[in-house]
Amino acid sequence: MKKTIFISAMLALIFTPMKAQNLHYQMSSGHNHFLAAKFGADYGTVIGLSYGQRITSAKPTFLTVESSIPFGHKLLDDWKMRLAVESELWKTRHFSFTLKPGFIVRRYDTDIARLLNIGADLTTSFGYFNAKWLFAIEANYDQSLSTHIKHHSLQENYPDIYNGWIGPAGANLKFGAQAGYAFGKNFLSIKAGKVYARSFQDNPTLPFYFEITCLRLW
Amino acid sequence: MKNLPPMKYFLFPALLLCLFSCQMEDPGSPGLLVPKTVDQDPTLPAIAINGTLLHVETHGKPTDPLLVLVHGGPGGDYRSLLKAKAMANEGFFTIFYDQRGTGLSKREDLSQFQGAGAIQLMVDDLGEIIRHFQLADTQKVFLMGHSWGAMLATAYINQFPEQISGAVLAEPGGLTWPQTEDYLDRSNHIKLFSEALNDAVYAEQFFAGRDEQEILDYKASFFGSFENAPGNTIGNIGPYPFWRNGAVSFNALIENAETRGFDFTQNLPAFQTKILFLYSELNRAYQRSWAEKVAAPYPNVQLEEIKDAGHEMLYFGWDQVMAASLPYLNELK
């Protein structure tokens with residue numbers, strides 16, 4: 001109980017001002033596109049590619065499409081795609097607050113079952129930046145909305161098992177930090193943090209995430 | 001560039017979700033993703049003992065010597081041990097039971113597996129099973145335990161050596177917690193960039209934070225896949241049958257052991273009856289040297305290697321297990 005209260009207090013402290021900031025908004029000024037490649041740990045070891053396009057200039061806002069796949073000899077059995085809008089909502093000379101709602105489709109396939117999941121997430125970040133550097137803290141809430149299940153070997157174990165759509169099966173929270181360095185039209189960033197289940201009880205086996213991203217603007 | 005309100009991009013997906021949301025089943029519904037348990041399905045064979053309802057089946061003549069199969073896990077079930085039904089034809093009243101809170105036995109609250117007496121509760125359940133089926137004090141009782149089941153069988157022998165006439169122990173991880181921890185570290189090894197890793201954990205982003213046991217049990221099916229993945233350390237050649245992973249039992253008993261430890265060996269030197277200790281050829285984390293170390297507290301041990309099988313030898317290597325066990329059991333019968 002004490003642990004839960006402590007974690008809740010930490011959340012209250014850090015959730016208000018934060019995200020998953022892939023962009024250095026000062027350097028993005030004057031550019032309308034970016035391409036990013038990433039390597040990291042996100043429920044497995046993953047690699048990914050992202051593309052972003054500026055959709056409004058009133059507040060710097062990018063529409064992004066992100067994809068990632070975990071390592072392993074079956075390359076496309078598991079994957080995640082995310083459509084998100086990343087927007088810098090507030091900034092001062094050296095501080096920035098961004099919001100990034102996203103829509104997620106992801107797939108998992110093994111000899112046991114194939115899962116196709118639809119989810120939504122929201123990332124906030126708050127950070128310090130100057131011409132070259134960015135330091136931010138971030139939080140992400142990832143809600144699983146619906147999953148289509150087609151069982152394989154589990155069906156042999158349990159012939160009456162259900163195949164079809166199931167409703168919300170939970171949500172995850174991520175809390176972490178990011179550091180980035182801009183050079184020319186390029187931006188190199190590293191981020192890491194902890195992952196929790198929504199209940200803070202049923203936490204993932206890999207309880208952390210990690211990401212190195214190389215991004216180029218044009 | 002035209003200013004577009006960001007939320008517009010999410011209206012279509014949101015609409016789609018609304019359209020099929022009424023078709024969706026709740027993953028926590030009993031029987032949807034994991035089989036119903038004995039309290040939910042009265043057609044399943046069960047007995048009420050020690051404050052819970054256990055899934056139990058028996059084969060053979062009730063007057064024959066008892067052979068109690070004790071499954072692994074914790075949190076496993078006896079489905080993969082059912083080839084041992086053949087022992088009923090060899091003159092043993094063969095008893096299978098799913099341990100408290102796992103398999104098709106009734107789910108129990110987390111608190112039952114968290115306290116200082118959690119392992120003792122499992123020992124007491126085994127004792128109650130024996131008392132339920134033993135018709136007379138002279139009726140001999142044999143235990144056949146696999147993995148955690150062999151550890152639990154040892155815990156029972158450690159407390160009640162006079163009640164047990166012999167035991168077949170197949171690869172208990174260890175008989176103390178430090179020993180078990182050592183074995184788990186070696187047997188659960190997963191390579192960082194392997195398919196086995198994402199097979200085990202990638203689905204955890206789909207199922208998280210709903211604490212109904214039905215969902216936790218279902219989710220555990222995915223995590224458990226690593227032990228049967230190609231190239232696995234423990235030598236399993238593929239998946240083996242099971243009914244339900246008891247996720248709450250498994251996680252809580254492991255945490256309990258990490259916190260409190262255990263030692264099932266204090267009284268074993270007084271148990272002079274010979275035990276049959278089995279280890280598998282293909283389990284790279286076990287092997288003869290580890291078998292000798294784990295079996296050492298028993299004063300009288302017959303050590304046998306089961307060829308061409310891994311840790312799940314009672315399923316994949318049953319013929320060899322039976323060939324080794326039957327002469328041993330008949331000798332003590």
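The model is predicted. In it, 55 residues of chain A are in contact with 44 residues of chain B. Within chain A, β4(A) is joined by bridges to β5(A), and within chain B the axes of α6(B) and α7(B) cross at roughly 80°.

**Interface between the chains**

- By residue class, the side of chain A that touches chain B is made up of 26 nonpolar, 22 polar and seven charged residues.

**Strand pairing in chain A**

- Strand β3 (residues 61–70) and strand β4 (residues 79–91) of chain A run antiparallel and are joined by eight bridges; in this part of the chain, Ser68(A) stands opposite Lys80(A), a residue of β4(A).
- On pairing with strand β5 (residues 95–109) of chain A, β4(A) again runs antiparallel to its partner, and here 10 bridges join the two strands.
- Met81(A) has Val105(A) in β5(A) as its bridge partner, and the strands β4(A) and β5(A) form a hairpin with three residues between them.

**Helices α6 and α7 of chain B**

- The axes of α6(B) and α7(B) come within 8 Å and cross at roughly 80°; because angles of 65 to 115 degrees count as roughly perpendicular, the two helices α6(B) and α7(B) are described as roughly perpendicular to each other.
- From α6(B), the residues Gln213(B), Leu216(B), Asp217(B), Lys219(B) and Ala220(B) take part in the contact, and they meet Ala247(B), Val248(B) and Phe250(B) of α7(B).
- The residues of this contact of α6(B) with α7(B) divide into five nonpolar, one polar and two charged.

**Trp243(B) and its surroundings**

- Trp243(B) is found in the loop between α6 (213–223) and α7 (247–260) of chain B.
- Trp243(B) counts as buried because it has 24 C-beta neighbours inside 10 Å, where the cut-off for a buried residue is 20 or more.
- Leaving aside residues up to four places away in sequence, Trp243(B) touches Pro35(B), Asp77(B), Arg79(B), Gly103(B) and Leu104(B).
- Trp243(B) and Thr37(B) are separated by 206 residues in sequence, while their C-alpha atoms are 9.6 Å apart in space.

**Backbone features in loops**

- Gly73(B) and Pro74(B) are joined by a cis peptide bond, for which omega is about -5°; Pro74(B) lies in the loop between β3 (66–70) and β4 (93–97) of chain B.
- Phe200(A), a residue other than glycine, has a positive phi near 65°, and its place is in the loop between β10 (186–197) and β11 (208–217) of chain A.
- With 14 other C-beta atoms within 10 Å, Phe200(A) is partly exposed.
- Asn50(B) is not a glycine either, yet its phi is positive, at about 50°; Asn50(B) is found in the loop between β1 (46–49) and β2 (52–59) of chain B.
- Asn50(B) is partly exposed, since 16 other C-beta atoms lie within 10 Å.

Notes:
Residues numbered from 1 in each chain as written. Chains lettered and ligands numbered in written order. Predicted model: local features only at pLDDT ≥ 70, side-chain atom pairs only at ≥ 80, totals over all residues. Contact = placed C-beta atoms within 7 Å. Nonpolar A, V, L, I, M, F, W, Y, C, P; charged D, E, K, R; others polar. Helix = DSSP H or I, 4+ residues; strand = E, 2+ residues; numbered from the N terminus. Buried ≥ 20, exposed ≤ 12 C-beta atoms within 10 Å, placed from the backbone. Axes fitted to C-alpha atoms, helices over the stretch in contact; angles between N-to-C directions. Parallel < 35°, antiparallel > 145°, perpendicular 65-115°, else oblique. Pairing = 2+ DSSP bridges.
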